[in-house]
Amino acid sequence: MDELFKLPVLLGILYSGIRLATPYLFAAVGETFAQRSGVLNLGVEGIMLMGAYSGFYVGMKSGNVWLGLLAAALVGILMGLLMSVISITMQAEQGISGIGLHLFGLGLSSLLFKTTLGSVESINGFKPVRIPILADIPYVGEVLFNHNLLVYAAFLLVPLSAWFLSKTTFGLKIRAVGQNPQAADTLGVNVIAVRYFCVCLGGMLAGIAGASLSIALINLFQENMTNGMGFIAVALVYFGGWKPYGVLAGALLFSFVNAFQLWVQVLGIKIPSDFAIMMPYVLTILALAFATKRAQQPAALTKPFERGEN
Amino acid sequence: MKSTLSRMLALVMLVAILAAGCAPAAATPAPEAVSTVFKVAIVMPSSITDMAFSQSMFEGLKKVQAEMGGESAMEIAYSENLFKVPDAAAAIRDYADKGYNLVIAHGSQYGTSLEQVAPDFPNTAFAWGTSVDTFQASGINNVFAYQAEAQQGGYVLGTIAALMSKTGIIGETGPVDAGDAKLYIEGFQKGAEAAKPGTTVSVTYTGSFSDVSLMATAAETHIAAGADMLTGSSQSVVGAIGVAKDKGVYWFGTQWDQTSLAPEAVLASQVYDWSGIIKDMIDSVQKGVMGGKAYTLTFKNGGLVISYNSAITVPAEVKAAADAAIAGINDGTIVP
Amino acid sequence: MADRAGVKRVVNRTVEALLPLLAVPVAFLIGAVMLAALGANPLEAYGAMLQGAFGDKSGITQTLVKATPLLLVGLGVCIAFRGGVINIGGEGQIIIGALGATALSIGFRDMPGWFLLPMSLIIGALAGAVWGGIPGVLKAKLGVNEILSTVMMNAIAVQFSNYLLRGPMIDPKEIEQGTRIAQSALLPKSVWLTRLVPQTLLHSGAILALILAVLVYIFLWRTTIGYRIRAVGLNRDAARYAGIRVPFYQALALILGGGFAGLAGAVEVMGVQHRMMENLASGYGFSGIVAALFGSLHPLGSIPASVLFGGLLVGADKMQRAVQVPSSLIDALLGLVVLFVVGSQIWSRWRARRRETHG
């Protein structure tokens with residue numbers, strides 16, 4: 001066990017954990033906005049897949065990863081718009097519309113992949129950007145400050161979103177809409193518009209989350225490559241108590257433990273690999289059960305809004 | 001509202017059943033004119049573009065098709081991503097029902113279903129793998145079985161990796177510690193340790209056949225632990241290959257030639273060439289033998305091929321050691 | 001006059017019931033465009049789909065085989081949703097239920113069938129109930145959100161199953177032959193559920209599911225416990241005020257939900273596969289939610305909804321084979337159908353409300 005607590009191992013965990021956490025951060029922070037406004041979007045996984053595909057396809061065909069990122073963001077917004085129409089305007093049961101959106105994204109991204117690409121190929125994605133001075137800090141510098149831009153963006157998104165939600169008027173409106181839409185409505189807030197904005201913003205970030213895999217971290221597209229990450233991202237929103245910093249804590253915990261369990265296997269520590277793989281899931285539940293303070297969920301979460309009710 | 005919905009659903013069903021009852025003729029295909037086209041159908045658990053297990057078989061079929069003279073001589077129908085066994089069972093039965101001459105169930109998990117379907121279609125030949133059981137013990141004579149001796153190629157690639165490694169550390173990463181992946185990974189380990197005693201081979205599993213991201217992280221972890229040679233099994237390894245490329249270490253592929261993904265990093269691959277087996281099965285069926293044979297892909301019968309990447313120079317003595325390993329496996333002096 | 005009002009009511013109700021159906025053709029129309037783009041004839045494709053799901057003996061039985069686990073999972077979803085909790089842990093609970101039934105029936109293979117078969121079903125249900133109960137208790141005692149815990153428990157169940165199927169529970173034949181496929185030995189024949197139609201997979205689990213649907217209806221609407229679960233789901237605060245122990249009944253709803261999913265797993269191994277293997281659950285845990293919601297979260301409504309959704313799944317696969325399009329088209333199409341159907345329920349809701357307000 002001692003060998004696990006050596007410097008190279010700890011630095012390795014730090015490095016891999018940061019990379020693993022990146023897609024979760026984009027997707028889960030985006031979902032935080034949607035849920036804060038009162039909409040549960042279970043379709044994050046499907047949006048991520050569409051984002052991953054479109055980011056990769058446009059990035060490869062144009063030779064410009066920025067265009068790929070833009071495409072992923074736009075497709076994410078479109079998927080968010082679809083979710084909004086069904087769940088907000090049509091007031092559909094949100095649990096089920098999300099599952100429909102997931103299936104749609106899963107199927108469409110694979111179908112497009114099959115018809116436009118046909119085989120797995122790799123791409124030259126976003127390159128690591130070394131931040132001068134900071135990256136020269138002994139030991140941790142290279143690990144923390146030599147990543148691609150999307151990794152930095154994911155981590156910057158957290159304080160930005162926290163500030164936006166808690167300090168700006170628009171953030172206040174979002175929270176009001178998720179907490180008590182009728183009251184917000186009487187105060188002149190356009191509940192429907194705020195919810196559309198938040199779900200589309202969540203969709204955009206989920207699309208970018210997918211692109212962070214296909215054009216920045218793994219640099220290829222394969223069918224169903226997110227493999228359940230979207231659902232974990234939704235779970236992380238609950239873990240984080242609908243706060244960006246809480247989401248960050250959850251994403252880091254999950255990712256660090258995942259990186260840790262791989263080291264446990266690499267170093268040949270004798271436990272069955274299946275139990276090692278379980279660790280992040282078990283610890284996330286335990287951490288929420290015993291270590292953190294529980295937040296109240298937005299009171300109007302999953303409840304459709306209609307003017308003049310109550 | 002609640003009860004009307006359920007009533008509505010009952011109504012839909014009724015309509016659907018009626019409609020189906022009224023219009024079955026439209027959907028049943030007209031009886032085919034008697035022709036010499038050999039019809040093969042294949043049912044697969046993953047996608048034909050998975051760069052691994054399913055793709056190797058599909059490309060094998062296409063190769064045979066080309067050799068036989070294209071679509072006019074051999075027809076291929078496929079159903080992919082059927083990881084749900086009941087769906088695969090329905091597909092197997094359906095293809096048999098439609099008169100396909102050979103129906104391939106390309107997944108060991110399909111065995112139980114095949115054992116139930118095959119007796120109902122004595123004039124159809126079935127094949128399944130990876131397995132060695134043709135069900136002859138239960139009185140079924142129209143099933144072929146096939147499997148790959150994944151450990152053979154693993155052994156040879158392990159030999160190459162150990163001799164090429166500068167750090168003496170090799171990383172292997174698989175999906176689940178079972179089946180074909182387990183055979184390959186254990187063979188690789190054996191080969192590496194035999195070629196250069198003292199080589200460290202560490203193994204990780206991600207617990208999933210499709211978790212590309214965790215597979216990439218596993219590769220990162222191996223590299224951080226000092227590995228400069230990596231290998232792995234399943235369709236999710238594409239993630240690890242990307243990491244190998246970025247970090248400048250070598251990758252060894254299995255099941256399918258993975259060179260195209262990273263020409264600068266994939267040093268060699270064990271390729272499953274099923275075409276020989278497929279041809280033999282088709283020959284048998286045309287002669288009226290519908291099953292009963294168990295095939296294995298080995299170096300000896302040409303079913304396993306080590307495909308080197310021409311863009312990377314492998315020292316002659318390493319290639320010689322690999323050839324010696326193949327020879328040893330073929331004459332039985334080496335048991336991977 | 002009374003007659004005319006009666007006719008009007010019937011017409012109104014029928015129109016409301018049929019409105020969401022208008023959405024299905026829209027979804028299929030989009031599907032038709034995609035099919036045509038892939039070079040397939042949409043009419044031929046949809047013909048094959050309908051024929052495949054309901055057109056003949058093989059289609060209907062396959063549909064019912066699919067509908068069975070959907071209905072069982074759906075019943076659990078009904079109870080959970082009625083209790084105001086969302087159970088998306090069906091996948092994991094199916095796996096654990098199947099493992100429980102497999103372990104018991106293989107471990108005690110010499111026991112007589114009349115005892116072993118019901119015991120295997122019960123153990124399967126109990127195992128699922130434990131797996132669903134963990135999130136239930138965590139929610140009741142520690143306030144852990146059930147969406148988080150059930151998502152995580154799904155992943156844990158998969159790994160636990162991987163561990164058992166490649167180690168303690170692997171078929172000894174797999175080690176003998178050196179193929180090492182992660183699957184259990186065949187279950188003893190004494191626990192195989194009776195095949196209802198020869199040469200098809202339709203098994204007696206379908207009847208069990210039907211009976212249970214009626215029992216769940218009675219349980220939810222005719223018993224005190226059922227009433228309390230619904231009261232908690234309808235209005236938590238009112239229920240608390242009425243002296244109902246809200247956390248207890250929410251945990252109970254999750255436990256029961258898990259039990260039904262576990263039973264679905266047991267029925268699936270004992271009726272269809274006859275052995276435990278990887279990917280046994282794949283998708284039923286989620287499709288069951290869709291089936292239950294299509295059935296308006298009513299146990300009896302879930303019956304036609306499961307058959308319909310099962311038929312959609314079976315027919316879609318048939319269509320793939322008939323016109324040879326990539327199977328991913330099917331997922332996209334199913335997603336559209338789900339989106340359009342849930343989205344369009346608003347029309348019938350609007351009409352219903354207008355009728356109420358305008359008499």
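**Close-up views of a predicted model**

**View 1. Two helices of chain A meet face to face in this predicted model.** From α6(A), the residues A:F155, A:V158, A:P159, A:S161, A:A162 and A:L165 touch A:P244, A:Y245, A:L248 and A:L252 of α11(A). Sorted by type, the residues of this contact are 9 nonpolar and 1 polar, with no charged residue. Helix α6 of chain A spans residues 149-167 and helix α11 of chain A spans residues 244-266; their axes lie 8 Å apart and cross at an angle of about 155 degrees. Because that angle is over 145 degrees, α6(A) runs roughly antiparallel to α11(A).

**View 2. Chain B meets chain C.** Here 54 residues from chain B join 58 residues from chain C in the contact. About 4700 Å² is buried between the two chains, and carbon and sulfur atoms give 60% of that area.

**View 3. Salt bridges and polar contacts link chain B and chain C.** There are 4 salt bridges between these chains. Have a look at C:K173, which pairs with B:D133 in a salt bridge whose closest N and O atoms are 3.4 Å apart.

**View 4. Several elements of chain B build the side that touches chain C.** At least two residues each come from α1 (2-22), α2 (24-27), β2 (74-79), α4 (85-97), α5 (111-117) and α7 (179-195) of chain B. The largest share belongs to α1(B), with 14 residues. By type, this side of chain B holds 28 nonpolar, 14 polar and 12 charged residues.

How values were computed:
Residues are numbered from 1 along each chain as its sequence is written. Chains are lettered from A and ligands numbered from 1 in the order in which they are written. This is a predicted model: local features need pLDDT of at least 70, side-chain atom pairs count only at pLDDT 80 or more; totals for chains, interfaces and linings use all residues. Side-chain values use heavy atoms; hydrogens and water are left out. Contact means heavy atoms within 4.5 Å. Buried area is the accessible area (1.4 Å probe) that two parts lose on being put together, summed over both. A salt bridge is a side-chain nitrogen of Lys or Arg within 4 Å of a carboxyl oxygen of Asp or Glu. A polar contact is a pair of N or O atoms within 3.5 Å; within protein, one must be able to donate a hydrogen and the other to accept it, and residues adjacent in sequence count only if both atoms are side-chain atoms. Helices (H or I, at least four residues) and strands (E, at least two) are DSSP runs, numbered from the N terminus. Ala, Val, Leu, Ile, Met, Phe, Trp, Tyr, Cys and Pro count as nonpolar, Asp, Glu, Lys and Arg as charged, and the others, Gly among them, as polar. Axes are lines fitted to C-alpha atoms, for helices over the stretch in contact, and angles run from 0 to 180 degrees between N-to-C directions. Angles under 35 degrees count as roughly parallel, over 145 as roughly antiparallel, 65 to 115 as roughly perpendicular and the rest as oblique.
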